[in-house]
Amino acid sequence: MLRIAVPNKGSLSDPAVRLLSEAGYNTRRHGRELVLTDTLNDVELFFLRPRDIAVYVGRGSIQAGITGRDLLLDSQTQAIEHFPLGFARSTFRFAAPTGTITSIEQINGKRVAASYDHLVKSYLDERGVDAEVVHLDGAVESSVRLGVADLIADVVETGSTLKAAGLEVFGEPLAKSEAVLITRPDVVDDPALATLVKRLEGVQVARKYVIVDYNVRESALDAAIAIAPGFDSPTVSPLQDSAWRAVRVMVEAHQVNPIMDQLHEAGARGIIVTELRASRL
């Protein structure tokens, strides 16, 4: 039975549960259960703190888990990134009081407050920067004002929180993070893990694409197909009126309205768009 660790709180939790649910796994909890057994799919879901997931996977207690790339890098475990999931994207940056530090080299001899101290220390060591990394569990933005640190390293989304604290980012990002499926090197070839990845890929494709159905005269068929060729080839079927054809094709969701305009101009009629739930390509 494949054991999968799922974030039990935070920004990773709801999207991870929704992703697994759309992939066909039973994620319904009736209370605050920490373990769900899905006998139909032969998996167990363990709801754990996002920061602990890489530890459990790295030590072999659980075969796979969903967590942030930044948390994985900071964990210093044997767990590895196996498959990017495309949500909860963020950037990890240095920030200091406005106008005080503008380059990584100026961090030498300074105190850096961070919740991801292993990630920060590794980054600085690789670049020959000698600085003290001060570990804080949260709210690192206040550390400079309170005299605990000279600068911080933290996840940055809009930057509004940093600005409110009188801080500004500098230098290149330490890391770009997103939710990832993690595992261990000795589990990579597990058939159950391969099935999980195929299902997750199917959900990602289903979210990215829609199905477009339309009718078009045979004389305009080639022009319509050139507008939306699909993956390998569109599905083309004859209609009762032999001069017309029915076409079905996959189109990227964000492009569907301009493509519908072009198809209509090319002679397509009865254009219908359908959302996908899952797929295999």
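Visitor: How many helices and strands does the secondary structure of the protein chain come to?
Guide: The model is a predicted one. Its chain holds both kinds of element. The secondary structure comes to 8 helices and 15 strands.

Visitor: What radius of gyration does the protein chain have, against that of a compact globule of 281 residues?
Guide: The C-alpha atoms fill a box of roughly 80 × 50 × 35 Å along the principal axes. A compact globule of 281 residues would come out near 19 Å. The protein chain has 25 Å.

Visitor: How far apart do the C-alpha centres of domain 2 and domain 3 lie?
Guide: The chain is divided into domain 1 (1-86 + 176-204), domain 2 (88-174) and domain 3 (208-273). Between the C-alpha centres of domain 2 and domain 3 the distance is 51 Å.

Visitor: What share of the residues of the protein chain count as buried?
Guide: Buried means under 20% relative accessible area. The count runs over the 281 residues of the protein chain. The buried share is 44%.

Visitor: With which residues is L200 in contact, leaving aside its neighbours within four places in sequence?
Guide: Contact means heavy atoms within 4.5 Å. By that test, the partners of L200 are L19, L20, A23, F83, L85 and L181.

Visitor: Is strand β1 (residues 2-7) largely enclosed or largely open, and how many of its residues are buried?
Guide: The strand has 6 residues. It is largely enclosed by the rest of the structure, because the buried residues number 5 of the 6.

Visitor: How many bridges join β1 to strand β3 (residues 43-48)?
Guide: β1 and β3 run parallel. L2 stands opposite V43 in β3. The bridges between β1 and β3 number 6.

Visitor: Which residue in β4 stands opposite A5?
Guide: β1 also pairs with strand β4 (residues 64-68), in the parallel sense. That pairing runs over 2 bridges. Opposite A5 stands G65.

Visitor: Is T27 buried or exposed, and what is its relative accessible area?
Guide: T27 lies in the loop between α1 (13-22) and β2 (35-38). Its contacts, leaving aside neighbours within four places in sequence, are V17, L20, S21, L36 and L45. T27 is buried, with a relative accessible area of 13%.

Visitor: What distance separates the C-alpha atoms of A278 and G24?
Guide: A278 is found in the segment after β15 (269-275). At 44% relative accessibility, A278 counts as partly exposed. A278 and G24 are 254 residues apart along the chain. Their C-alpha atoms are separated by 9.2 Å.

Visitor: Over residues 206-277, how far apart are the end C-alpha atoms?
Guide: UniProt, in an unreviewed entry, places the feature "domain: Histidine biosynthesis HisG C-terminal" at these residues. The chain there is 29% helix and 40% strand. The end C-alpha atoms are apart by 6 Å.

Technical notes: Residues are numbered from 1 along each chain as its sequence is written. This is a predicted model: local features need pLDDT of at least 70, side-chain atom pairs count only at pLDDT 80 or more; totals for chains, interfaces and linings use all residues. Side-chain values use heavy atoms; hydrogens and water are left out. UniProt positions are given in the numbering used here, feature names are shortened, and annotations may be inferred rather than shown by experiment. Helices (H or I, at least four residues) and strands (E, at least two) are DSSP runs, numbered from the N terminus. Domain bounds come from an automatic or database domain assignment. Buried means under 20% relative accessible area, exposed over 50%, partly exposed in between (1.4 Å probe, protein chains only). Two strands pair if DSSP finds at least two bridges between them. The radius of gyration is taken over C-alpha atoms; the globule rule is 2.2 Å times the number of residues to the power 0.38.
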